[in-house]
Amino acid sequence: MSNPATESAARTAPFIDVKSVTVRYDLSRTGGTLTAVEDVNLTISEGEFVTVLGPSGCGKTTVMNVIAGLVEASEGEVLVDGRRVEGPGPERAVVFQDYALLPWRSVFDNVKFGLEMQAHLKSEDWRMRVQEAIDLVGLSGFENSYPRELSGGMQQRVGLARAIVAEPRILLMDEPLGAVDALTREVMRDEIEKLITATGKTVIFITHSIEEAILLGDRIVVFKSHPGSVLEEITVDLPRPRSERGAQSDPRYLELRDHLWEVLQNEATAASRGGRAS
């Protein structure tokens, strides 16, 4: 017999639950340890788009890698849909900043790589899914092209298609637009918003851009460094779809942007003095 109380708790529990995560690394040269992140707590609902903002070296990527199962926490744990993360899993996919494409493979075969661990799929099934992913990111007609023949924005689309082809529930995106030019970045940002709206994925999106964090996120998590931890969380109460040009005339957008600039500037100043912002 089902337990109504248990079922209710399962429905209200966070989809991703980062609980008191600390990551330390041993320093072989000195024999000491480096604390990369300390006591990070974060909850994310299913279907939420969370942007993570903070200075370089603040542990944003480390926390994302713990969620991905690529790095083991020294203390604490991460739960995904109530299950402890103990390694990579098919419900989580990572999109990297540097594309990480295989140069000897075509666009089709690079995207196919996202399915190759799923050997149970029939040939006609995976071919259809690869083509659907390519179509979804706007690369129809480039199936037989190689990474060297593509622009940076197109290469990042291949990386995105490779991540979504396996139909993960969670996309972990580590500065995916950091290596493209400003115009391509704006176009890709709009396309990512449309893609996530269409697919309903849960997204953690790391960025250094305040504007990007506001335009994409349902919520912004700001990290501080030395060691990395959550400094502030902000709900973005702006209507969708959002564009940079449209948002610039919205007083709430300007208020959020100015607040985030002040928070990050105070954090940078405190860090440079060896102290901590209050």
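Among contacts in the chain between residues at least 6 apart in sequence, 68% join residues at least 24 apart, where a contact means heavy atoms within 4.5 Å. The model is a predicted one, so to speak of local features a pLDDT of at least 70 is needed, side-chain atom pairs count only at pLDDT 80 or more, and totals for chains, interfaces and linings use all residues. Residues are numbered from 1 along each chain as its sequence is written, and side-chain values use heavy atoms, with hydrogens and water left out.

Of the 278 residues of the chain, 47% count as buried; buried means under 20% relative accessible area, exposed over 50%, and partly exposed in between, with a 1.4 Å probe and protein chains only. The secondary structure comes to nine helices and 10 strands. These are DSSP runs numbered from the N terminus, with helices (H or I) of at least four residues and strands (E) of at least two.

**The four-stranded sheet**

Let us start with the open sheet β2-β1-β4-β5, whose four strands pair in the antiparallel sense. Two strands pair if DSSP finds at least two bridges between them. Strands β2 (33-44) and β5 (83-84) stand at the edges with a single partner strand each, so one side of each is left without a neighbour in the sheet. Between β1 (residues 16-26) and β2 there are eight antiparallel bridges, and Asp26 has Thr33 of β2 as its bridge partner. The hairpin of β1 and β2 has six residues between the strands, and there Gly31 takes a positive phi near 80°.

Helix α2 (residues 60-68) lies across β1, β2 and β4 (75-80) and runs at about 115° to β1. Axes here are lines fitted to C-alpha atoms, for helices over the stretch in contact, and angles run from 0 to 180 degrees between N-to-C directions.

**The six-stranded sheet**

The other sheet to visit is open as well, with six strands in the order β6-β7-β8-β3-β9-β10 and mixed pairing. Its edge strands are β6 and β10 (229-235), each pairing on one side only. Neighbouring strands of this sheet are turned by 20° against each other on average, direction ignored. Strands β3 (residues 49-53) and β9 (residues 219-224) pair in the parallel sense over four bridges, and Leu53 stands opposite Val222 in β9. Helix α2 packs on this sheet too, touching β3, β6, β7 (170-174), β8 (202-207) and β9, and its direction makes about 150° with that of β7. Helix α6 (residues 182-199) lies across β3, β7 and β8, running at about 160° to β8.

**Two buried residues**

Gly69 is found in the loop between α2 and β4, and with a relative accessible area of 17% this glycine is buried. Leaving aside neighbours within four places in sequence, Gly69 is in contact with Val85, Gly87, Pro88 and Arg92. Gly69 and Gly87 are 18 residues apart in sequence, yet 3.9 Å apart in space, C-alpha to C-alpha.

Gln156 is found in helix α5 and counts as buried at 2% relative accessibility. Beyond neighbours within four places in sequence, the contacts of Gln156 are Val95, Phe96, Gln97, Tyr99, Pro176 and Met188.

**Pocket and cavity**

Rolling a probe the size of a water molecule over the atoms shows where empty space is left. On a 1 Å grid over the protein atoms alone, a cavity is a set of points where a 1.4 Å probe fits but cannot get out, a pocket is an open set with protein on both sides within 12 Å along at least five of seven lines, and lining residues have an atom within 4 Å of a point. Grid points are joined across faces, edges and corners, and a volume is the space filled by probe spheres set on the points. For the linings, Ala, Val, Leu, Ile, Met, Phe, Trp, Tyr, Cys and Pro count as nonpolar, Asp, Glu, Lys and Arg as charged, and the others, Gly among them, as polar.

| Space | Volume | Lining residues by class |
|---|---|---|
| Largest pocket | about 590 Å³ | 14 nonpolar, three polar, three charged |
| Largest cavity | about 40 Å³ | seven nonpolar, no polar, one charged |

The largest pocket is lined by 20 residues, of which Gly89, Arg92, Ala93, Val94 and Gly114 lie nearest its centre. Strand β6 (92-95) and helix α5 (152-164) each supply at least two residues of this lining, and the largest share, three residues, comes from β6.

The count comes to one cavity of 30 Å³ or more. Leu42, Val52, Lys60, Val63, Met64, Ile67, Ile204 and Phe223 line the largest cavity, and α2 gives the most to that lining, with four residues.
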